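This report describes selected local features of a two-chain model, taken from its atoms.

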Amino acid sequence: MSTRVLGRNVPKKDAATKVRGSRRFPQDFDREGELHAKVVWSEFPHARVVKVDASKAEALPGVVKVLTAADVPVNKYGIIIDDQPVLVREGDKVRWLGDRIAIVVAESEAAAREARRLVEVQYDPLPVVSDPREAMKPEAPLVHDERGDSNVFRHIKVRKGDWEKGFAEADVVVESYYHTPYVEHVYMQPDAGIGYIDEEVRVTVISSAQWPDHDLRQIAPMLDLPQEQVREIVPAIGGAFGGREDMHIQHLLALCAYVLQRPVKMVFDRSEVMTRTGKRHPWYVKYRTGAKKDGTLTAVEIEIVADSGGHASTTVPVIEAGTSFSAGPYVVPNAKVDSYAVYTNNAVTMAMRGFGATQAAFIYEMQMSKLADALGMDPVELRMKNLFEDGSIALTGHAMPPGVGIKEALREAALAAGWKEENGHWVRPELGPPSAPHKRRGLAVACGLKNVGYSFGSDDKATVGVQLALDQSGQIERVTVLSGACDVGMGAQTVLAQMAAEALDVDYDQVRVSLVDTVKVPDSGSCSASRLVWISGNALVRACQEALQKRDQILIAESGETFVEAEHEFHGRSVHETHPYDPETGMTVPHFAYGYAAQIALVEVDTETGETEILKFWAAQDVGKAVNPGMVKGQSAGGVHMGVGYALTEEYIQQEGVPKTRYLADYYVPTVMDMPHEFTSITVEVPDPSGPYGAKGVGEMTTLPTAPVVISAIHDAVGVWIDEFPATAERVWWATRQQGQPRE
Amino acid sequence: MPTLNMVLNGKEVSVDVEPGDLLVHVLRDKLGQIGTKLSCGEGECGACTVLVDGLAMTSCIYPALKAQGRRVTTIEGLSEGRALHPIQQAFVDATAPQCGYCIPGMVMSAKALLDHNPHPSEEEIKEGLSGNICRCTGYYQIVEAVKLAAERMAGEGGTQ
């Protein structure tokens with residue numbers, strides 16, 4: 001088989017139009033006769049809506065209609081649990097500031113903006129619960145009273161081996177409390193789109209999305225329409241990072257178009273994205289780890305409380321996934337884990353790059369760094385001793401499937417950073433002198449793993465089609481790939497084109513990937529869970545093989561036919577069956593495929609200001625097979641960028657359910673100046689036998705180790721553990737002052 | 001309604017604007033320059049960067065009437081016909097764009113930088129791009145693209 005396309009840095013399919021600025025994002029679409037819509041958002045994090053009076057707003061010239069709950073055919077939705085009202089009706093509750101009361105539709109954006117201020121809403125404020133640990137108590141105010149008598153809506157238990165015996169056998173026990181922060185996705189393209197009725201009378205939405213077919217599964221019942229009468233078109237997407245798994249705007253556009261039977265455009269401003277859309281879950285964690293003197297782990301005991309905010313969104317699968325990784329890529333024979341999903345009146349929390357594996361990586365890697373410190377052991381050596389290999393028994397009692405590349409990733413990163421393996425021991429490099437007398441250098445290492453695809457018994461499937469245009473001799477002239485795989489920027493369409501070119505033995509330029517339109521392409525599942533390369537790739541390669549067989553039959557039949565198409569539906573369970581958690585023991589086979597990352601950071605901390613600078617960074621990721629090495633490097637650097645913000649600067653602050661972080665100026669996303677001065681991306685290729693050409697996923701794994709590696713390096717520099725992060729200059733400065741003078 | 005007269009991408013244009021209109025809205029909504037992107041609306045992220053008399057400006061906080069009589073260059077003004085500008089081509093070759101929403105602004109900041117400093121050091125490139133936020137790439141391939149563009153343009157005998 002030729003490898004002329006796979007593994008090469010071919011130009012991304014969308015690159016030229018993106019550098020020209022000609023590629024259209026959702027806000028760049030307009031239609032003849034379009035109206036403009038603005039949302040009337042809740043003014044309280046918890047309150048009963050007493051009265052909604054839109055008369056003044058509707059009297060404003062240019063206003064066409066103010067939609068309220070009465071205009072929504074079936075007024076509920078939700079990505080997994082339909083616990084969210086589309087518009088809150090009089091007498092019902094708002095549960096966070098992202099709940100909506102009404103939508104103002106006008107002839108101009110200016111009129112809609114002015115009119116939304118004229119909608120008068122009377123509220124009866126209710127007690128706010130803003131700390132999930134308080135929300136778990138029986139006396140706490142209930143957020144979703146209709147869903148039972150507790151704010152806790154999921155409790156996962158893992159009981160493995162004999163953890164009490166495990167701790168009794170331990171020579172060292174490390175115990176910590178962690179608090180991981182909210183993160184705003186900050187996709188650069190604010191939510192926007194247009195809804196209209198298409199030529200076949202379908203309610204149609206043009207918008208960013210991560211899973212358009214699943215959006216339709218929520219929109220159709222909301223409008224009480226069969227799914228054939230709704231349609232979603234996904235043009236260029238300006239980033240997502242999990243933030244567009246939930247619908248923020250699609251259902252509102254569909255509703256407006258359906259009610260008014262006219263095109264309706266809506267564009268959120270940045271402040272709406274910041275304060276009215278979902279975030280990464282904060283976790284409150286108690287964690288104990290026991291180990292023998294030689295570093296062998298004996299037991300963990302973990303309690304995780306995840307703040308879900310006002311609605312469930314994807315909190316249940318996020319904590320299910322996060323819990324499964326809470327002991328890391330390490331063999332731990334005895335474990336007790338309890339995880340809780342809790343409603344509060346804070347911002348709704350949802351998927352964000354890592355889907356629970358990111359918070360998990362912070363807690364288990366901080367524990368490993370502390371353990372290495374307590375044992376006086378090299379941090380690479382401690383990890384190497386406990387890391388997974390093929391067949392290792394993981395936290396939930398299952399054997400890791402073949403293709404485990406975490407040791408290779410850590411080894412490559414450590415060697416690149418200057419570690420030496422001497423007499424069976426790992427020896428770290430000298431750090432060199434700091435750049436000024438008041439600065440201290442620190443070096444640390446961290447690992448991470450994450451599932452590829454949906455877990456816990458979900459039937460994860462992707463359907464991909466391929467069309468071949470042949471010449472008279474049966475040679476392939478052009479190829480079209482049909483897939484609902486949304487390209488949020490990472491290059492899904494390019495990867496599919498490369499794989500199709502490889503599978504069909506044609507040039508990359510002969511392959512075109514169809515744009516995502518639910519009436520034109522099959523459902524390939526979501527752009528999430530680092531799954532598209534693996535699962536859409538698996539479907540595509542099979543569709544290509546089937547198309548080639550059909551082509552060969554045509555040639556034999558000498559029919560003169562010049563068009564062939566094939567479609568394949570690939571199921572993740574065909575590789576490994578997964579199952580839900582056992583309710584009592586938590587034992588299960590949680591995931592069918594994995595990806596791995598290991599990172600090393602050299603930092604310098606200014607003891608006078610508490611500021612951390614990252615001098616050098618080594619990021620190794622085991623991707624199985626790098627289909628496009630340039631794009632893998634982009635995922636690596638992008639994941640590290642997000643991890644650097646998570647570790648050091650990004651903080652979404654709420655007080656009693658009210659955001660104080662309202663604009664981008666309040667929320668510090670790292671600039672090019674804040675990135676590690678030297679960055680080395682190392683791609684390791686330990687093939688996944690079940691992946692297409694051995695490929696795994698990469699998008700999420702690259703961000704997992706970054707926060708713990710940076711914060712562990714801060715400890716190595718100045719001797720403080722920042723267990724509640726981001727490790728802002730202020731936090732580090734105070735921590736060093738509290739522990740006395742920084743160590744020499 | 002006042003009239004804004006400016007030279008947009010080398011051509012004189014006249015357009016009626018409200019006194020409070022911002023340049024980004026006039027460019028996008030009245031002049032069809034959709035390559036200029038609006039993201040933060042407060043001059044923080046640089047997605048809306050255009051050149052005004054050769055200087056990089058965030059058009060989301062730039063009053064449209066301030067452009068009266070000035071030369072404004074948008075991303076659409078960089079390439080003519082099929083050929084990409086060397087900076088744009090370098091962004092493609094360095095696998096710099098991911099989602100691409102920040103990219104027009106990045107390219108315009110790079111253009112302003114290279115117009116004034118055709119041989120920037122890596123530090124100068126980073127300074128030149130420090131007003132542009134990207135959430136996807138981690139910036140390294142964007143910095144590589146600007147380096148590559150500078151090398152290629154030096155080879156061609158200067159900037160365009």
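B:D53 sits in the loop that joins β3 (49-52) to β4 (55-58) of chain B. The model is a predicted one. The phi angle of B:D53 is near 50°, a positive value in a residue other than glycine. Most residues other than glycine have a negative phi, and most peptide bonds are trans. B:D53 has 12 C-beta neighbours inside 10 Å and therefore counts as exposed, the limit for that class being 12 or fewer.

A positive phi also occurs in chain A. A:F355, a residue other than glycine, has phi near 50°, and its place is the loop between β18 and α10 of chain A. A:F355 is buried, because 29 other C-beta atoms lie within 10 Å and the threshold is 20 or more. A backbone feature of another kind is the peptide bond from A:F725 to A:P726, which is cis with omega near 15°. A:P726 belongs to the loop between α16 and α17 of chain A.

**Helices of chain A**

Helix α17 (residues 729-738) of chain A has A:V732, A:A735 and A:T736 as buried residues. Viewed down the axis of α17(A), the buried residues fall within an arc of 95°, so they line one face of the helix. An α-helix has 3.6 residues a turn, so residues three or four places apart point the same way. The exposed residues A:E730 and A:Q738 are carried on the face of α17(A) turned away from its buried side. On the buried side, packing is against β27 (594-606), β28 (612-622) and α16 (706-718) of chain A.

How many of the 10 residues of helix α9 (residues 315-324) of chain A are buried? Nine are, so α9 is largely enclosed by the rest of the structure. The buried residues of α9(A) include A:T315, A:P317, A:E320 and A:S324. Among the elements that cover them are the strands β7 (152-160), β16 (297-309), β17 (334-343) and β21 (439-451), together with helix α10 (357-375), of chain A.

Two further helices of chain A, α13 (residues 492-504) and α14 (residues 532-557), have axes that come within 9 Å and cross at roughly 35°. The crossing of α13(A) and α14(A) is right-handed. On the α13(A) side the contact includes A:V495, A:L496 and A:M499, and on the α14(A) side it includes A:G537, A:L540 and A:V541. By class, this contact of α13(A) with α14(A) has 13 nonpolar, three polar and no charged residues.

A:Q250 lies in helix α7 (residues 250-260) of chain A, and A:S176 lies in strand β8 (residues 172-179) of chain A.

| Pair | Separation in sequence | C-alpha distance |
|---|---|---|
| A:Q250 and A:G193 | 57 residues | 7.4 Å |
| A:S176 and A:Q367 | 191 residues | 7.8 Å |

A:Q250 counts as buried because it has 27 C-beta neighbours inside 10 Å. Leaving aside neighbours within four places in sequence, the contacts of A:Q250 include A:V205, A:D215 and A:E232 as well as A:G193. A:S176 has 15 C-beta neighbours inside 10 Å and so counts as partly exposed. With the same exclusion of neighbours within four places, A:S176 is in contact with A:Y287, A:M366, A:Q367, A:K370 and A:D723.

**Interface and overall dimensions**

The contact between the chains takes 46 residues from chain A and 38 residues from chain B. On the chain B side, α2 (86-93), α3 (103-116), α4 (122-129) and α5 (140-155) each supply at least two residues. The residues of that side divide into 21 nonpolar, 12 polar and five charged.

Chain A as a whole has 17 helices and 31 strands. Its radius of gyration is 26 Å, close to the 27 Å that the globule rule gives for 744 residues, so chain A is as compact as a globular protein of that length. Along the principal axes, the C-alpha atoms of chain A fill a box of roughly 75 × 75 × 55 Å. Of the 744 residues of chain A, 61% count as buried. Among contacts in chain A with a separation of 6 or more, 80% are between residues 24 or more positions apart.

Terms used: Residues numbered from 1 in each chain as written. Chains lettered and ligands numbered in written order. Predicted model: local features only at pLDDT ≥ 70, side-chain atom pairs only at ≥ 80, totals over all residues. Axes fitted to C-alpha atoms, helices over the stretch in contact; angles between N-to-C directions. Helix = DSSP H or I, 4+ residues; strand = E, 2+ residues; numbered from the N terminus. Left-handed = near helix turned anticlockwise from the far one by under 90°. Contact = placed C-beta atoms within 7 Å. Nonpolar A, V, L, I, M, F, W, Y, C, P; charged D, E, K, R; others polar. Rg over C-alpha atoms; globule rule 2.2 N^0.38 Å. Arc of directions from axis to C-beta.
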